[in-house]
Amino acid sequence: MTITLHLSTLTSQFKVQFGSLDNLICIRSPGRVNLIGEHTDYNDGFVLPIAIDRAIYILAQPRSDNKVNLYSMNYLESAEFTLETISPTSPASWVNYPKGVLSLLFARRLVNHGFNALIYGDIPVGAGLSSSAALELAIAYTVQELSGCTLAPLDMIKLCQQAENEFVGVQCGIMDQFIIRLAKEHTALFIDCRTLHYEYIPIPNNNIRVVICDSGVKRGLINSEYNLRQEQCKQGVSLLKSYFPNILALRDVCWTDFINVQNNLPELVRKRARHVISENQRVLDAVKVLQENNIPAFGQLMNESHKSLKHDYEVSCPELDILVSLAQQFDGCFGSRMTGAGFGGCTVSIVHSEVVERFIDYIQAEYQKATKIKPEIYLTSASSGVSRLFLEI
């Protein structure tokens with residue numbers, strides 16, 4: 001569906017659910033794909049994501065009381081609660097993402113009335129494309145537009161991350177919220193996750209395309225080993241302090257220094273630290289080669305990233321490895337890697353625009369032959385971040 005069709009359908013459905021279109025607004029909040037820099041964000045490291053052209057859409061209207069009425073078109077579920085009585089839904093549900101954001105906004109007196117909202121997304125859930133963070137930012141931006149209060153971009157980013165960490169219980173880094181709030185078209189966003197310094201890096205859009213391949217293997221962050229990897233990284237920092245007393249995180253250890261001491265670490269911790277430290281260097285190298293428009297070099301860094309994620313960080317899976325291997329063998333694909341937390345989800349590949357349709361046909365046929373799974377494939381481009389859309393009613 002085009003955005004125009006989205007909005008027409010959503011507006012009609014909103015009227016069915018809530019009866020009136022008075023004071024209606026529409027918010028679009030994109031998903032994201034990380035080009036390189038995986039599992040570095042919660043280690044104070046570097047990342048290079050883009051927002052994609054799939055998104056969460058929220059149509060909302062203010063209420064005169066403190067009740068919040070939500071309706072999800074994807075889940076065909078409603079949720080009703082008041083701002084004063086927000087508590088997590090059990091078992092875990094999509095509702096906890098809006099609730100977490102609203103609980104923090106209410107505690108800070110940044111939301112002073114309820115609203116009706118219809119939610120629809122075309123970001124695949126569980127594919128590692130940040131549908132959860134997109135929903136968080138969509139809710140925060142909706143409240144901002146309805147209430148007239150202004151949250152500085154970094155404040156909104158930190159609030160949404162806090163909601164996911166503390167209310168939902170996923171110890172995510174700040175990357176997803178960052179790119180969804182601040183993304184611009186045709187650019188990747190280089191983010192230093194410690195200082196929160198960021199820089200827009202142009203993506204050549206005349207001869208390459210970004211292709212996302214969904215393995216069809218769903219993973220849930222809370223039930224995965226995501227939080228365990230964080231603990232293993234902290235252990236690595238603790239042990240490396242014996243050699244480098246001033247370090248605060250793995251990002252403080254340069255690759256050369258790590259090579260000199262890595263054999264003194266337990267094998268598992270050594271592998272985890274080796275991935276993070278080498279991946280940080282790959283991101284810095286990737287920024288440089290993109291600025292030089294050296295796409296083959298960028299693709300090679302992506303290939304090296306996947307190898308590290310597979311062997312050292314051990315967050316890949318057989319299906320992701322098959323997708324990556326198929327892509328890397330295709331003439332015209334510059335590079336391919338798993339993206340997101342891992343344990344399933346998607347790969348991201350950089351493909352020459354002249355062969356991209358053949359690439360998609362090839363991946364679909366060969367992956368299905370190897371796994372009996374028909375992959376969903378998304379041809380995407382670097383999109384803008386969360387914003388308000390104009391509605392014609």
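Student: In this predicted model, what makes helix 5 (residues 175-182) mostly covered?

Tutor: A residue counts as buried when its relative accessible area is under 20%. In helix 5, eight of its eight residues are buried, so "mostly covered" is the fitting term. They are Met-175, Asp-176, Gln-177, Phe-178, Ile-179, Ile-180, Arg-181 and Leu-182.

Student: Which elements do the buried residues of helix 5 pack against?

Tutor: Their partners include both helices and strands: helix 3 and helix 4 (153-168), together with strand 1 (25-36), strand 2 (46-62), strand 6 (187-192) and strand 7 (198-202).

Student: Why does Lys-99 count as buried?

Tutor: Its relative accessibility is 10%, and the limit for a buried residue is under 20%. Lys-99 therefore counts as buried. The residue lies in helix 2 (residues 96-107).

Student: What is Lys-99 in contact with, leaving aside its neighbours within four places in sequence?

Tutor: Heavy atoms within 4.5 Å define a contact, and on that basis Lys-99 touches Phe-81, Ile-86, Ser-87, Pro-88, Thr-89 and Phe-167.

Student: What makes a set of residues a nonpolar core, and how many residues has the largest one?

Tutor: The members must be buried residues of the listed nonpolar types, joined through side-chain atoms within 4.5 Å. The largest such core has 110 residues. Leu-48, Ile-58, Leu-102, Phe-115, Leu-129, Leu-240 and Phe-298 have the most contacts inside it. Helix 3 (residues 131-147) gives the largest share, ten residues. A second, separate core has 15 residues, among them Leu-326, Cys-333, Val-356 and Ile-363.

Student: Which residues are in contact with Ile-58, beyond its neighbours within four places in sequence?

Tutor: Ile-58 is in contact with Ile-25, Cys-26, Ile-27, Ala-117, Leu-118, Ile-119, Leu-135, Ala-138, Ile-139 and Thr-142.

Student: How many helices and strands does the protein have, and why is the protein called as compact as a globular protein of its length?

Tutor: There are eleven helices and twelve strands. The radius of gyration is 21 Å, close to the 21 Å that the globule rule gives for 393 residues, so the protein is as compact as a globular protein of that length. The C-alpha trace spans about 65 × 50 × 40 Å along its principal axes, and 59% of the 393 residues count as buried.

Technical notes: Residues are numbered from 1 along each chain as its sequence is written. This is a predicted model: local features need pLDDT of at least 70, side-chain atom pairs count only at pLDDT 80 or more; totals for chains, interfaces and linings use all residues. Side-chain values use heavy atoms; hydrogens and water are left out. Helices (H or I, at least four residues) and strands (E, at least two) are DSSP runs, numbered from the N terminus. The radius of gyration is taken over C-alpha atoms; the globule rule is 2.2 Å times the number of residues to the power 0.38. Buried means under 20% relative accessible area, exposed over 50%, partly exposed in between (1.4 Å probe, protein chains only).
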